[in-house]
Amino acid sequence: MSSADEFAGMDATEQAALVAEGKASPLELVEAACARAERLDPELNALIHPALDRAREMAKRDDLPAGPFRGVPFIMKDIGGDEAGAPYHAGMRFLKNASYNADTDSYFTRKLKAAGLVSLGRAATSELAILPAGSTLAHGNVHNPWKHGYETGGSSGGAGAVVASGIVPMAHGSDGGGSIRIPAAHCGVVGLKPSRGRCSFGPALGERWSGLSSEFALTRSVRDSAALLDCVAGRMPGDPYTAPPPSRSFAEAVGREPGRLRIGFMNDTPREIEIHPECVRAVENTAKLLEELGHDVELAHPPALEEAELVAHYVTIVAANVGRALDSWGTKLGREVGPDEVEPLTRNLAERAKEISAPDFLATIEYVHAFGRRVSSWWEGGYDLLLTPTTAQPPPQHGVLMSNEEAPLAAYFLAAPFGVFTLPHNISGQPGISLPLHLSEEGLPIGSQLVGQIGDEEKLLSLAAQIEAAAPWRDRRPPLFADRFGETSGRLRGDVPARIHEPDRDGLRACGLEVGVRHDAELHLLLTESRLRQLKPVLRAGAQVREIPVDATHRDREQVVFHVGDEGREGLLGEQAEVPALSHSENRDLLTRIRGL
């Protein structure tokens, strides 16, 4: 395996440790990431402004900051996180056609550089970060590494794709209604939205989207999120407000046991939005896991989440800020934004902004503040955290969330199931984190969200780390991942053959394994020793696991052998197209899921 592929499976903390210990240089990490980007991004269309040569030059410099992530490759989102001299299009044809470049680094970008991170360029976002998608008319579709032709979520969709595919271990995102957490859920990575005021928007802005938006990142591990938050959090000159500082570092929270927590959870949506059974199954499995970890879990949530007027006030804020954004960009470029230079939804929202009076807008701000207090009172009443599905639907296919002239607002309405659990906590200002704990029957990731009291990322990170240790996702990888794309899939190491009688789907899913065979079948797997140890405790009592002999001639191949029913027929996936009880497409899809181990 090439060095590019060896680094691909590591999180940012592990890559940084190689540099600190002299086992790899910043240039080696960056060159490997550049090679992955050049190989993978033509399939993803996520890195819309590559700056690979700039990254290589930065990695060579003796004065590369000696921060905790020195030499680790990173990718910025193409809205916020301004980089002096770099393209900044915010998903807009208007800025793309003008070839607009930022003229200064944001405070957030300066902190990333001080941490030693090296930017490889900028990733796709929906236009002005409005929709939960990565695709735009300006830059085209961004493909989900788990399934071509499906959305990555958004608006930080490009970031989700580059992290999930292994190009970089973490990438910049921002979240005004779920735009970190939704792509994290759709792409199978970790997405933390910090508390309001945790990270600065300066020096250009005091806040974005009237306080609804937060700047941060998508990562591969909880420890990466915690360590990065230590690097970028904190008040900067001129910030109008800031979140309360942690009692200790966020990284320390990852190493602390959370204690026994009282957790409310939701397995249905407020406001009668349809929820997919897979999303219900995901959150209920997470609730069971939390109970097994010793926490008190009950169906309960803040009553304020049911308020019907919530969405109308959210749309008022978004429309007003979109209208202001178009005016601001027109001023910067010296001409008005033309009607054909933005998407129909963007134009429609900007037109609505003109109808919002100042008193009406202030009334909405008053609602936002009062809503935050009503939601917060639930935590004050004795709950520690809230558990929800991250989204109410799995990732959609491309085109579902694309704005069009005939129905400019249709995409916004269709987006409701993807933000129903996330946007309320943008309004309340609370921290939330999406964890990749489930795969659908189609092999698409589905996330579970934990929400904490405002300012209390420590408790959130501590529990998230406990969950990650109990149900790790590190080795669960999509079909389009850097260490296998364009090559023969990497072989399993330390593999142990096992037979599972009457496969237990829920138990297998807890280990990141999806099975498409009949429930009365036997399942033969070749598993790593660590995966086998992980699998045994989560299977139901009737699903016995025992080791079985395997033909030694097959030891040089990645193997998954199924024995279905009592007819004695076996198929070696990857070698035979037909496996009993599975169609050819099911066989192919199952193989890609197994290769995600």
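**Exercise 1. Which residues lie nearest the centre of the largest cavity, and how many residues line it?**

Before starting, note that this is a predicted model, in which local features need pLDDT of at least 70, side-chain atom pairs count only at pLDDT 80 or more, and totals for chains, interfaces and linings use all residues. Residues are numbered from 1 along each chain as its sequence is written, and side-chain values use heavy atoms, with hydrogens and water left out.

Step 1. Read off the lining: the largest cavity has 15 lining residues, and Ala164, Gly188, Arg220, Arg476 and Phe481 lie nearest its centre.

Step 2. Sort the lining by class. Ala, Val, Leu, Ile, Met, Phe, Trp, Tyr, Cys and Pro count as nonpolar, Asp, Glu, Lys and Arg as charged, and the others, Gly among them, as polar. This gives 9 nonpolar, 2 polar and 4 charged residues.

Step 3. For the largest cavity it is about 120 Å³.

**Exercise 2. Describe the second largest cavity.**

Step 1. Its volume is about 90 Å³.

Step 2. Its lining has 13 residues, with Gly197, Cys199, Phe201, Gly206 and Tyr241 nearest the centre.

Step 3. By class, the lining holds 4 nonpolar, 5 polar and 4 charged residues. In total, the structure has 5 cavities of 30 Å³ or more.

**Exercise 3. How many residues of helix H7 are buried, and what covers them?**

Step 1. Helices (H or I, at least four residues) and strands (E, at least two) are DSSP runs, numbered from the N terminus. The chain has 21 helices and 16 strands.

Step 2. Buried means under 20% relative accessible area, exposed over 50%, and partly exposed in between (1.4 Å probe, protein chains only). Of the chain's 597 residues, 62% count as buried.

Step 3. In H7 (residues 157-164), 8 of the 8 residues are buried, so this helix is largely enclosed by the rest of the structure. Among them are Gly157, Val162 and Ala164.

Step 4. Contact means heavy atoms within 4.5 Å. The cover over the buried residues of H7 includes helix H3 (26-44), strand S2 (73-77), strand S3 (118-123), strand S4 (170-175), helix H8 (181-187) and strand S6 (214-219).

Step 5. Look just past the end of H7, where Gly166 has a positive phi of about 90°.

**Exercise 4. At what angle do helices H6 and H9 pack?**

Step 1. Two packed helices are described by the angle between their axes and the distance between the axes. Axes are lines fitted to C-alpha atoms, for helices over the stretch in contact, and angles run from 0 to 180 degrees between N-to-C directions.

Step 2. H6 (residues 107-114) and H9 (residues 222-232) pack at about 115°, and their axes are 8 Å apart.

Step 3. Find the residues that meet: Phe108, Lys111 and Leu112 from H6, and Leu228, Cys231 and Val232 from H9. They divide into 5 nonpolar, no polar and 1 charged.

**Exercise 5. Is Val283 buried or exposed?**

Step 1. Locate Val283 in helix H11 (residues 277-292).

Step 2. Its relative accessibility is 0%, so Val283 counts as buried.

Step 3. List its contacts, leaving out residues up to four places away in sequence: Phe265, Met266, Asn267, Leu387, Thr388, Pro389 and Ser448. The C-alpha atoms of Val283 and Ser448 are 5.8 Å apart, although 165 residues separate the two along the chain.

**Exercise 6. Where do Ala90 and Leu128 lie, and what is the phi of each?**

Step 1. Recall that most residues other than glycine have a negative phi, and most peptide bonds are trans.

Step 2. Ala90, in the loop between S2 and helix H5 (93-97), has a positive phi near 50°. Ala90 is buried, at 0% relative accessible area.

Step 3. Leu128 sits in the loop between S3 and H7, with a positive phi near 55°. Leu128 is buried too, at 7%.

Step 4. Finish with the peptide bonds: Gly154 to Ser155 is cis, with omega near 15°, and Gly202 to Pro203 is cis, with omega about 0°.

Conventions
1 Å grid on protein atoms, 1.4 Å probe; cavity = no way out; pocket = protein on both sides within 12 Å on 5 of 7 lines; lining within 4 Å. Points joined across faces, edges and corners; volume = space filled by probe spheres on them.
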